[in-house]
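This report goes through the model shown below, from a sheet to a ligand site and then to selected residues.

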Amino acid sequence: MENSIIECDHLNRFYENRYARVTAVHELCFSVNQGEFVAVVGRSGSGKSTLLNLIGGLDSPSSGSIRVLGKELGKMKSQELARHRRHAVGMIFQSFNLIPSRTALENVELALLFGGTPKGERRKLAASALDSMGLKDRMRHRPGELSGGEQQRVAIARALVNKPAILLADEPTGNLDSVTAEKILDLLAGLNRQGLTVLMVTHDADSVKKVSGRTLRLLDGRLVEDTRRSQA
Amino acid sequence: MRAFDAVALGLDNLRRTRLRTFLTTLGVVIGIGALVSMVSFGTGMQKNVSRVFYENDLFTSLIVTPRKIDPNAMMSGDLSALEQVVAPKEAALDDSALFQFRALPGVMMAYPQIQFPVKIRILGHETENQLGALPARMGEFPPYNELPHGSFFSGDGDSCLLIGQSVLKKMKWILRSGGFKAISLEDSLRGVRSIPPDSLIGQDAEIITSVMDVSSILKNPWQYMASPGRMPTAERSIRFRISGILQKTDDFHGRPFSSELIIPLGMVRHIPRFGFNNVWDLLGNKTSDESYGSIYVRVHGFEDVAPVKQAVESMGFGVFAISDQLQEIRKGFLILDTALGAVGAIALIVAALGIINTMIMSILERTREIGIMKSVGGSEAEIRLIFLTEAGVIGLLGGVFGILLGWIVTRIANAVANFYFAKEGIEHVEMFYMPLWLICGAVAFAIAVSVLAGLYPAARAAAVNPVEALRHE
Ligand SMILES: Nc1ncnc2c1ncn2[C@@H]1O[C@H](COP(=O)(O)OP(=O)(O)OP(=O)(O)O)[C@@H](O)[C@H]1O
Ligand SMILES: [Mg+2]
């Protein structure tokens, strides 16, 4: 049963100014099925982040189409895109992107705030999301008081608290030492086993081989390799 | 996002930058403080003036004159208005007119306004003043219902006299119960003496008028008919008892319709005086007792003014109602309030610029945070709402504390002003008035201005590109 959750068709994203035109993503055609763990690899500047931002609804395509959960993102209004970011996808980043002045719990709650979840329920959901990341004792700590690995787990809790179908991870282990990176990778693999579709950008293709079932390689914005392992 | 959450988030964000929030809010506080104290000065003045009107029942008073005079037309040089004055009278303002006025619905009382100069002598001291007459019923109304000393006369035929403190002052008397030590050195050098009010009440007062010395005219009538201006006079005196002392008058508490020396209306005809303008009147046996210079009409309520005025005018008389002037006075105060409000508004504009500046700064600082909010599902509208709420909270705080500041400032200004007023012998005046509408209006205005100032920064925040905001440093 092939159930494609992300479909890109001749997807382009270029940046223009008066002097030059930079193509960040060029004529991408691929689809991702529900429950896949996809590693997106490629050199710096090859367009990996741009692709993830397009799927995440933070950026809009210059041309071509991108469908997530059957809905065309390019046609969405800003209000619908916000809904998409809230419910369809969760995003984590290399630099964690937590609000430094707020506690772990408040950071996770923020994702529920925009959904309009009432305060009491917000607390409960955020706490249980952090609990499932093994951060029960660190909820009241601010990001500055947490280790890199802990911060990234707070970010994962935040990304998943709205129960999205897809997790978009842009080099989530880039700022972590190899042992911690391994742990985060295991965590993502575990989530993937529970049915979460994961797209993970990484420099280091080898380290993700054991968890990812598929590798997309970009070069100058083009898709140059798409390999699936038969047995993940 | 729920409105409550937006407010909570806004408050939280403001708390994070306490000093900056405090300084920005202080701008609004000063702006609103200035606005509120200025406008409350305007409303205070208006209230004081209106109070004088009410206290003296000017709103229910009409003055009827023999002919209709249009003062505006006369001012603008319309000679036909003057002609009306010079032209022979059609309706006489006499007793029959007086009874007609009394019969009109809505009229409480009507009596002729009589005033003529007399000499008064009390305990051997003499001065000259206008003598007025009032019906005994006026004792029911302010200011005559609350005399500081003694009481109003009870019957129109009583030989009682009310005296004002300005008349006493002309006689170099100052009302004091404390004896000589109650007088300042300056006053005592001028020969002012103190007199306890109790010793004046019940005291005899002589009213002295000049009358024509008829016997000397009869001796040589032709001489006086040739030059009617110079006539022989003789003094007549009639005794009254001082029954009460009138309130002190000052700039705020004038008594425009009556004099400082008042006798019962019924006593007027017992006072001998010139009842004519010249000797020809006397010979023609025409005395002006028959018609009056003006008649005071008091109506029951403000709503009676217009119909009574109309009825009296249709009889061919002129009517002057203070309430007509009130519109003009109100207009004047509106201009005053606007001018005062403008000063405060300028302060508030400066505060608004402060808000814009602070918020743009804070948005630049929080660009990444805005990007994060967008990435977790915050919409443009929600982010706009967060920043507008922050601006609104600044406005609310600024408004509330601004009113507090304005109140403190006006209290201090009032105390200082009254300190100097007291030195000048002016009685205590509340110069400022802060009605509920001003308080609510000022808070609403502060919020409105702040939210308006927050519109542009909020739009900028909503337009933040999340990709750029989140690109790692
Ligand atoms: N706002 C922009 N204006 C112009 N060019 C841009 C802009 N954003 C991205 N680019 C260009 O698009 C290309 C792809 O950028 P992107 O960030 O997607 O690369 P990446 O694969 O994520 O690189 P890295 O591994 O270093 O994160 C780059 O050449 C970059 O310079
Ligand atoms: Mg990147």
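Helices (H or I, at least four residues) and strands (E, at least two) are DSSP runs, numbered from the N terminus, and two strands pair if DSSP finds at least two bridges between them. The model is predicted: local features need pLDDT of at least 70, side-chain atom pairs count only at pLDDT 80 or more, and totals for chains, interfaces and linings use all residues. Residues are numbered from 1 along each chain as its sequence is written, chains are lettered from A and ligands numbered from 1 in the order in which they are written, and side-chain values use heavy atoms, with hydrogens and water left out.

**The two chains**

Accessible areas come from the Shrake-Rupley method with a 1.4 Å probe; for residues, only the protein chains shown count as cover. A residue is buried under 20% relative accessible area, exposed over 50% and partly exposed in between (1.4 Å probe, protein chains only). A contact means heavy atoms within 4.5 Å.

Chain A has 232 residues, of which 55% are buried. Its secondary structure consists of seven helices and ten strands. The accessible surface of chain A is about 10,600 Å², with 47% supplied by carbon and sulfur atoms. Among contacts in chain A between residues at least 6 apart in sequence, those joining residues at least 24 apart make up 69%.

Chain B has 473 residues, and 46% of them are buried. It contains 17 helices and 13 strands. Among contacts in chain B between residues at least 6 apart in sequence, 78% link residues at least 24 apart.

**A sheet in chain A**

Strands of a sheet pair through backbone hydrogen bonds, either parallel or antiparallel. In chain A, four strands form an open sheet in the order 2-1-4-5, with antiparallel pairing. Strand 2 and strand 5 of chain A are the edge strands, each pairing on one side only.

Strand 1 (residues 4-16) of chain A is joined to strand 4 (residues 63-68) of chain A by five bridges, in the antiparallel sense. One bridge there sets A:D9 against A:S65 in strand 4 of chain A. Strand 1 of chain A also pairs with strand 2 of chain A, antiparallel and over nine bridges; A:R13 has A:V25 of strand 2 as its bridge partner.

Strand 4 of chain A runs antiparallel to strand 5 (residues 71-72) of chain A, and two bridges join them. A:V68 faces A:K71 of strand 5 across this pairing. The hairpin of these two strands has two residues between them, and A:L69 takes a positive phi near 55° there.

**The site of ligand 1**

A residue is counted around the ligand if one of its heavy atoms lies within 4 Å of it. By this criterion 14 residues surround ligand 1, and the closest are A:S44, A:G45, A:K48, A:S49 and A:T50. The site is shared between chains because residues from both A and B surround ligand 1.

The shell comprises three nonpolar, seven polar and four charged residues. Ala, Val, Leu, Ile, Met, Phe, Trp, Tyr, Cys and Pro count as nonpolar, Asp, Glu, Lys and Arg as charged, and the others, Gly among them, as polar. Strand 2 (21-33) and helix 1 (48-56) of chain A each supply at least two shell residues. Helix 1 of chain A gives the most, with three.

A polar contact is a pair of N or O atoms within 3.5 Å; within protein, one must be able to donate a hydrogen and the other to accept it, and residues adjacent in sequence count only if both atoms are side-chain atoms.

| Residue | Atom of the residue | Distance to an oxygen atom of ligand 1 |
|---|---|---|
| A:G47 | backbone N or O | 3.0 Å |
| A:S49 | polar side-chain atom | 2.6 Å |
| A:E171 | polar side-chain atom | 3.5 Å |

Taken alone, ligand 1 exposes 630 Å², and the protein buries 69% of that area.

**Two residues of chain B**

B:N129 is in strand 4 (residues 125-134) of chain B. With 14% relative accessibility, B:N129 is buried. Its side chain makes a polar contact of 2.9 Å with the side chain of B:K170. Not counting residues up to four places away in sequence, B:N129 touches B:F116, B:P117, B:V118, B:V167, B:K170, B:E260 and B:L261.

B:A417 is in helix 15 (residues 380-423) of chain B. Its relative accessible area is 15%, so B:A417 counts as buried. B:A417 and B:M431 are 14 residues apart in sequence, and their C-alpha atoms are 8.5 Å apart.
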